[in-house]
Each structure stands twice: as structure tokens, then as C-alpha cells.
Amino acid sequence: MIETAVKVNKKDAKLALAHIIVAFIALFIGGLCGFLQVLVRSGKVQLPGGIGYYQVLTAHGVLLALVLTTFFIIGFQFAGMSRTAGALSNKARLTGWIGFWIMTIGTALTTFYILIGKASVLYTFYAPLQAHVGFYIGLALVVVGSWISGFAMFAHYARWKKQNPGQVGPLLSFMSVVNMALWLICSLGVAATVLLQFIPWTLGWTEGINVLVSRTLFWYFGHPLVYFWLLPAYMVWYVVIPKVIGGKIFSDSLARMSFILFLFFSIPVGFHHQLTEPGISPTWKYIQVVLTLMVVIPSLMTAFSMFATFERFGRSKGATSLFGWLKFLPWNDARFLVPFIGMVAFIPGGAGGLINASHQLNQVIHNTIWVTGHFHLTIATTVVLTFFGAAYWLVPHLTGRTFTKQLNQLAIVQAVVWSVGMTIMSGAMHWVGLYGAPRRSSFSDYGGSAQAADWIPYQIAQAVGGSMLFLGIILVLYIIVQLLWFAPKGEEEFPIGEAEETAEKTPLFFDKWWLWITIVVVLILLAYSIPFTHMIQEAPPGSPGYNRLC
Amino acid sequence: MHLHKYEKIWLAFGIGSLILFLVIVGINAFVTGHQPPSSDKTVDPQVVGEIAPFNKPGLKKIGKNEYQLVVLTSAFSFDVGTQDKVVEIPKGAKVHIIATTKDVVHGFEIAGTNANMMLEPGHISETTQTFREEGEFTLLCNEYCGSGHHLMHAKIKVVDQS
């Protein structure tokens, strides 16, 4: 039997909590910005005091897509690794703290320049729009800080392997290492564009910027970024949920296999965000479309595993009919229900993703608000609800408090409010996106256009849904504050599932990291080297910076 | 590694559908020529306004019921060759759209049609659209380009001339 700590080490708990607190502060500010946006876009409200729509939109994107996610994920993974691979060494923990502070300083710097209106370039910061150099330096610090934490996790895993020769690493730790490897490899792209292109260009050291190269480096990072968000949600589904419902992990090997496949097929796929761009051959676009859709395979494996776990549990409790096992699931336990709603949202979310990435159909929805509707299902429902569901046991586990019945009920109300609000908002976005309403745009009647007039009712629906989501944010923040400082003291379990007793031993080859990394690098070179060389060799004159437009 | 029998069936069905899907998309792309806009021409964005065809934006007849529409964008305007930013296109006309930007990245979208592409400084973007339905269509910028992004638009009027 592999020995694991039942409780996260107290010092490690502090490190994890620090990350989680920053994440929830980002949720509050970013969520408030989202609320303001839906109000403005309805056409009924104007922002006071010279606050810009695009300034608010930049803050919303940066704080939620980059800060909330990265901080929560790193905090969750430190806790998970401490729980399954033992307490961090003093060195690893110190490294984690250094990473935390660098990320936090970076976040503060970037947020500062957004709030003073010097960086309304949105979270994708497409050149040649030019923000204050502090915005880019802050982002670079966030990325570098996350790398440092990643190295602490790698070292911790390696130490466990050394202490347990001949054994495969604990599942949750293994998954965290896959996710950080994915993150390190993909964020090299955004680091390269920020450090080699944006910062020298903003400081005036270089005259022009190669726009297409900067966008390509961004999207080399931008799509794996979404898998970096999704994989921790999958960790909760694969490892935690089986224990919460009282069942078993369907297959430890299959879970690892799906994570390795995500590592392979997350990165060489950025062109599906650039399908309607000039300067990239349609053949290379198609090749990356094929690589993109390979993630269907691990997604199907995950769906199968989840429902197999659910069904086996229900049948072990005596269910006999085709769907009778559904009755036995703990529907009134927020730790199960909230992530479960996230899983359900991934069905339309994933289907929408297939549409977006499918070469020709992309032209119908590209840069329409359909896309915004899509990722509010995937990230803002599937991932975020899973994170909320995890925070409900993780935060009290770390603070030595308990998730009380009342808080559990409130968490269920929160999830219902979120689901209804998101159905309205995301539904309206999808629908009106098909009519052509653009994303990332303030309210406009487009010169009295009849088409744009038809979009207004949907924009009002977005405001209704978005307001409910903000209420949802207030509720979850109330619960988190309770769990951090006020809930009754006690022991809250960090649930870690076990594989079925009949399952065969997980093969050791899953820990062949150099093989996996080599395959990833080969796939990236295959997908990118020729079109990327073309972008540099056939580049038009570079673009000067435009910093007065934004 | 052992796979459960049901999982094998599930994955075979899923992977089979995926391959079928990719083959259909591939045939659409490479056999029937339905590719996303991917023009490979470049131009100096600083002086593009002096270079043909962008020195004369607007609609030009190039064949029977076939036209070229040249559009030059800058923050925050579409230059379509007319003062009122309205382009009249005969119903049923096949229009080859050629567009680029003088400054930042813009989006080119004719709402209600499949004409939708990115415009990037230094690169020329091209797409072809046949206007089969009468009516007014909004040409708008769908990529954030600065504080006036949502004010950037023009109008395509498809008129029945028969």
C-alpha cells in the first residue's frame, strides 16, 4: 500500500490558501467587471466617471481567465500533491512561496495599469495596439512565477519517486505534473512574444513588431491554456468525485492515459483560433484542425469513466433498471452536485467547440458573441463550478473548519442560480452570435442598422443572465469567507478515490516523462515549424505601436 | 492496459465518428475548395493607401454579374469608396472582397453572411461572397481595435436591378 498523508501538511496548507485567497479576490473584481459589461451591452446603462467599457473588459479577462484560474490551480495542486505525495520539503515549499509572490506582484502591476486606463488592450493584447510596458512586465511575472511553482511540483514528484522506487506516482500528483508540464511548454510561447517582441517594442528598442508572429505565439499558448484550466477540473472528476459519492475510480490507468493524450494534443493546435487569418496556408490550418479534434478521444474516455463510476456505484447499492443508478447519487451533496452540473455543461460546451474548430464553420461564428457564449460554458461553468465544488471541501480542510449543512444548502442554491443565469446568458450569446452580433464590442446601433436592432433583446437577456451570475459570485464569496474564517472548527475530508479492487496494477511506463515530452516536441515541430518559418521569411514591414487608440 | 468491452465499443464509435467528420471537412476543403480566407499577399501597411487596388477603394465590375470590392480600414472606419459608407450591390452578384488595414488589427464581417475574416497590418485578406438575398447588411469590425471599435461600420445594400 502506498502511504499518503490523510491531511495536507499545515505549512503546505498556508501556501495553498494564499493562492486560493488571491483567486477569489480576482473572482470578485473580475466578476464585478463582467456585471458592468452586460449592463452596458444592454444599451440601458452607461459607466460613470469615464470608466471605459474596454478597460472593464480587459480587467474581466485578465483577472478571471488568467489570475483566478492560475492561482486556484496552483493552490489546488500544491494541496493535492502534499496530500498524496507527502508534505513538501522546506526547499520546495519556499520555492512555492517565491512563485506565489512573483505571481502576486505581477498581478498587482498588470491590474494597476488596467485600472488607470493605460492598458485597455484586452487579455489577448493583440499587437500593434500598445499598452503601458508595466502591463506586459506584470504578465511576464505571472508566467515566470507560475514556472517557479511548477518546478517545485516537479521536484516534489521526483523526490517521491526516489523514495518509492519501482512504484508509479500517486494519481493526483501525476496529473498535477502533467498539467504543469503542459503549462510550461505552452507558456514559453507567450513568454517569447512578451519578452522578445512586446517589451523591446514598447520601450522603443525595436521599431516594428511582426503582428502575425505575435498572434501565432499567443495562440500557441492560448489554446493549451484552456486545457490547463480543464485538467484540474478533470482531476477533481477522476480522483475526488468517486470518493465523494462513495464509489471507486473506474480505472487508474485510463485516467493517466487520457491525461497523456491531453498533453500531446493540447499544444500543436493554435491555428484553429486563426482560421480566418491571412498569411497562414489553409493546409497547415487543416492539419492543426485534425490535431485539435484529437482531444475528442481523451474527452470521450473521461465521459465514459465518469458515468461508469456513477453506474457501478448505483448498481452496488441495488439499482437494476437502465437508469435506476441515477437515483443513488448524492444529489444533495454540493461537493458532488456542483461539479456534476459542470460535467453536464461540458456536453454543449464540447459540441460548440467542435463547431468552432471545424475549418469552414468557423467563418460563421468567428469573433461573434457565439464564441463568448461557448467559453462561458466551458471555462465559466464546467471549470469554475468544479473549482467551486472543490473549494467547498478544500478550503475547510486547509483551515481546519467544516462545510456545514447550511453552507451546503447555500452552495446548492448558488449552483442553481449559476446554472439558470448561465443558461440565459450563454444561450442568448450563442443565439445572437449566429445572427452576427460581434464579441468584445460595447453597445452600438451600428448607424441605425436594422440587424443590430434585432440583437438588442438578446443583449438584454445577457444582462439578465449576467446579473444572476453576479449574484452567484456574491453567494460563493460568502461561502468561501465563512469557510476561511467563520465556519465551526473541525475536520473536513480531502477526498481521494481508490481504484476498484479488481483493477490491475497501473503500469510503470506512465512515468516515462522524457518519452512524453519528446512526443509533444515532435508534434509541435510538425505542426508549427514550416508555417512559422514562412511567417518570418515572408514578413511584411513591422508595425509601429498604437497606444492612443486604447 | 485493459479496456472494458463497453469502453472499446464507445471509443470505436467515437473515434469512427471523428474520422468520418474529419474526412468530410477535408473533402470540403481540398476537393470542393471550401477553404477559410487564407490569402498570402503582403503589403507595406504605412503606404498601402497609395498602392493599387487600395488607392481606390470601392466596388468595381470585373465580369458579368461579378465584382471586386476593395476595402481599406483604419481605426475606426471602413473606406468602401463612398462618402456615406454605403455600397450598392446587385442581387445575385458574386463579389470578390479584398481588404486590409492601415494600422491595427481589424475584423471584417458582413453580418448575416459568411464573409468573415481578420485584417492584419501588412497582410491582404480575400474572400468571395455571392449576395443572393435583397436587403441591407451591416459591415462591422468584429476584432477589438481601440476605444471606437464599436463605432466602426458600413452598409452593404443588395438591390434588385431586374
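The notes below go through the model by topic.

## How to read the model

This is a predicted model, in which local features need pLDDT of at least 70 and side-chain atom pairs count only at pLDDT 80 or more, while totals for chains, interfaces and linings use all residues. Residues are numbered from 1 along each chain as its sequence is written, and chains are lettered from A and ligands numbered from 1 in the order in which they are written.

Helices (H or I, at least four residues) and strands (E, at least two) are DSSP runs, numbered from the N terminus.

## What the records say

For chain B, the UniProt annotation "domain: Cytochrome oxidase subunit II copper A binding" (unreviewed entry) covers residues 64-162. Here the chain is 0% helix and 54% strand, with end C-alpha atoms 14 Å apart. UniProt positions are given in the numbering used here, feature names are shortened, and annotations may be inferred rather than shown by experiment.

Chain B also has a domain assignment, with domain 1 at 1-35 and domain 2 at 48-159; such bounds come from an automatic or database domain assignment. The centres of domain 1 and domain 2 of chain B, taken over C-alpha atoms, are separated by 37 Å.

## Where the chains meet

Between the chains, 59 residues of chain A are in contact with 57 residues of chain B; two residues are in contact if their C-beta atoms, placed from the backbone, lie within 7 Å. On the side of chain A that touches chain B, α6, α7, α8, α9, α11 (362-365) and α14 (450-486) of chain A each supply at least two residues. The most comes from α8(A), with six residues.

By class, that side of chain A has 33 nonpolar, 21 polar and five charged residues. In this count, Ala, Val, Leu, Ile, Met, Phe, Trp, Tyr, Cys and Pro are nonpolar, Asp, Glu, Lys and Arg are charged, and the others, Gly among them, are polar.

## Helix α7 of chain A

How far apart should the ends of helix α7 (residues 252-265) of chain A be? At 1.5 Å a residue, its 14 residues should span 20 Å, and the end C-alpha atoms are 20 Å apart, which agrees. The expected span is 1.5 Å times one less than the number of residues.

The buried residues of α7(A) include A:Asp252, A:Arg256, A:Phe259 and A:Phe262. A residue is buried if 20 or more other C-beta atoms lie within 10 Å of its own, exposed if 12 or fewer, and partly exposed in between, with C-beta atoms placed from the backbone. The buried residues of α7(A) pack against α5 (171-202), α6 (211-245), α8 (282-293), α9 (296-316) and α15 (513-537) of chain A.

## Strands of chain B

Four bridges join β6(B) to β7(B), which run antiparallel, and B:His106 stands opposite B:Leu119 in β7(B). Two strands pair if DSSP finds at least two bridges between them. The hairpin of β6(B) and β7(B) has five residues between the strands, and B:Gly112 takes a positive phi near 85° there.

Strand β6 (residues 106-110) of chain B is also joined to strand β9 (residues 135-140) of chain B by two bridges, and these run antiparallel. B:Glu109 stands opposite B:Leu140 in β9(B). Six bridges then join β9(B) to strand β10 (residues 153-159) of chain B, again antiparallel, with B:Phe137 opposite B:Ile156 in β10(B).

## Backbone spots to check

Most residues other than glycine have a negative phi, and most peptide bonds are trans. The peptide bond from A:Ala127 to A:Pro128 is cis, with omega near 0°; A:Pro128 is in the loop between α3 (90-115) and α4 (133-163) of chain A. The bond from B:Ala75 to B:Phe76 is cis too, with omega near 0°.

A:His359 has a positive phi, near 55°, and is buried, with 24 other C-beta atoms within 10 Å. A:Arg440 has a positive phi near 50° and is buried, with 22 other C-beta atoms within 10 Å.
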